[in-house]
Amino acid sequence: MIVYLAVSLTVVAQSARQQTTSTGKKISPTLFGLFFEDINYAADGGLYAEMIQNRSFEYTPADRREWHSLTSWEYITPVFSYGSLNVETNKPIHPNNPHYAVLTIEHVGQPGVGENSKIPENKGVPGVGVKNLGYDYMVVNAGEKYAFSLFACQLSATPVALTVSLQDPRGKILSESKLTVNSKDWNKYTATLTASERSDSTSLVILGTTQGKVGIDIVSLFPENTFKNRQNGLRADLAQLLADMKPAFIRFPGGCLAHGDGLGNMYRWKNTIGPVEQRVEQRNIWGYHQTAGLGYYEYFQFCEDIGAKPLPVLPAAVSCQNSGGTWRIGGTGQKAIPMDEMKDYIQEVLDLIEWANGSVSSTWGAKRAAAGHPKPFNLEFVGIGNEDKITPEFEERFKLIYDAVKAKHPEITVIGTVGPFPDGEDFTKGWKYANNLTVPMVDEHYYQQPDWFVRNQYRYDAYDRKQSHVYLGEYASWGNKLKNAISEAIYMTALERNGDVVDMASYAPLLAKKNHTQWKTDMIFFDNEKVCLTPNYYVQKLFTANQGDYYYDKIVSKNSKDSTLAASCVKDSKTGDIILKLVNGGTASQSMKIDLSAFKKLASQAEQVVIAGSAEAENTLENPQAIAPVQSKIKVSKSFQYNAPAMSLTVIRIKTQS
Ligand code: AHR
């Protein structure tokens, strides 16, 4: 059970101090990481670099009432051509991907000559086809290459010629390629399209230009330049921003997305690996569609690419308690996988560990190798459940999964779940349950006002170190102003101080696309080409990129008892660097005294990064630089004063000399 006492700040702080030794207190080396959820178009239309929306014609009204197989597609018949467009299901590429489009080209028009050529309808390439509008159209840049592909099959007696082009809003062709579909089987056709000029409102057009009938599916367009040039890869700019943070881990695929709002749309990892045309697409709990193009293979690959530990969160065999639209805490909407299916479900969890870590001769390790990754992914953590309602059904299923993982894979750290704090009994019940089972870590979630983070910065000083440890899997103060970010910085110094009981922490949510945002406070906002880094991003980055594995107390003293002043000092034993984080959440600058006499052979000059500004300042896509970190050098000595600007976070990184 958690011991959370409402005692005075001074006393609580003292109890944490007593654990500090002159060599520092060992803290979690994987304290700060990232939470990734496919919310706010974070995956499809976001980090996943696919530019075609509804590429596989699998959108349905279940995703969104007004959506259907041809959402984001337009049927076009330029130059008085005619034919038809249907969606069919009788001969799919794979049963997991049942819908495909069928173009019947009955007549291909003739471009007008003489005066007739000036008639707008007579312009362009004649044919019968489709135009994809992307996710709010597509941005292409002059000279950049785009990898086009589609699956097609010839459904008429004769082959069908296709012209594929990138077009600007006026129909100007920016790149074009021709191919002939000449097989009655589904085959993949590819082309590289190089944009002749920039356009931020580009469409992809596919035209049948000879009479016949053709099936098309998985129409795809990726920038050639994806992150690390991976196939089926990630948007380079967004992925790089995450890589720059140097997170210790990445949690995926959610959030509520992981357990889904009903048994039908729980996130089942096996549906998301293998060739994209064989993956199972499904309704996204946040009101749109998941292609699973960004699936478990891509998540693990990305973690490896940026040196972060993967933290997959699997459903605890129960869905969100708000399933079925009950939308009330304490609702009875939670659905549970029937007990007679639990054996298979537990196997699915164990198979994930084998898929990630097993040798190439194991069943699932072989599948990982076949996908291009013979080496293990070194999975260490598995989350089970996401802020679930703690019902008897949950408890029974969680225990079965937990016991099975512990028995077969004692090397894996299982992270359990508790209900959201502080709203309900599921938080308390969840903790009690996890402690009874001795689950190594549990996942706490809370979203609060900034002053809550300031007032509650001593929360974990009183946690019982001998019981389950904490993964603070989701937290944020409501808002993206500097004052929000600074309140989080104050709290994060406390997370470092308590890094012997808080093992991991991740801000949430991570990404949010303009005009497609379901959750208003997020770390990075973006559209199809620009990004807006919030002050919260900069604060997170300064902590993730400057983590330590030893915490030192009594290094920073402040002249005031003001709770908006906070500081931490950690050492990164890999580099030997000493890292100070100094936060002033007040309206006037404040002096802090720094005593580094505990450390030997420190450099006299250090790297310093400061984020400061007005409390209400925030960045937007239109004005992304209102708040930006400023980097400089600072002279340091065994004992020095630092004047922390009003509403600021300063990080000072000091090298030790060998
Ligand atoms: O982060 C957004 C949502 O908040 C998550 O999906 C859920 O776990 C929490 O309620």
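Predicted model: local features only at pLDDT ≥ 70, side-chain atom pairs only at ≥ 80, totals over all residues.
Residues are numbered from 1 along each chain as its sequence is written, and side-chain values use heavy atoms, without hydrogens or water. Local features need pLDDT of at least 70 and side-chain atom pairs pLDDT 80 or more, while totals for chains, interfaces and linings use all residues.

Start by selecting helix H6, residues 363-370 (helices are DSSP runs of H or I, at least four residues, and strands are runs of E, at least two, numbered from the N terminus). Its buried residues are Trp-364, Gly-365 and Arg-368 (buried is under 20% relative accessible area, exposed over 50%, partly exposed in between, with a 1.4 Å probe and protein chains only). Look down the axis of H6: these residues fall within an arc of 105 degrees, so they line one face of the helix (the arc is taken from the directions from the helix axis to the C-beta atoms). Turn to the other side of H6 for the exposed Thr-363 and Ala-370.

Next, pick Arg-230 and Asp-305, whose side chains meet in a salt bridge at 2.8 Å, N to O (a Lys or Arg side-chain nitrogen within 4 Å of an Asp or Glu carboxyl oxygen). Arg-230 sits in the loop between strand E13 and helix H2, and Asp-305 in helix H4, so the pair ties together parts 75 residues apart in sequence. Arg-230 is partly exposed at 35%, whereas Asp-305 is buried at 18%.

Now move to Glu-444 and Arg-459, a salt bridge of 3.2 Å, N to O. Glu-444 is buried at 0%, and Arg-459 is buried at 1%.
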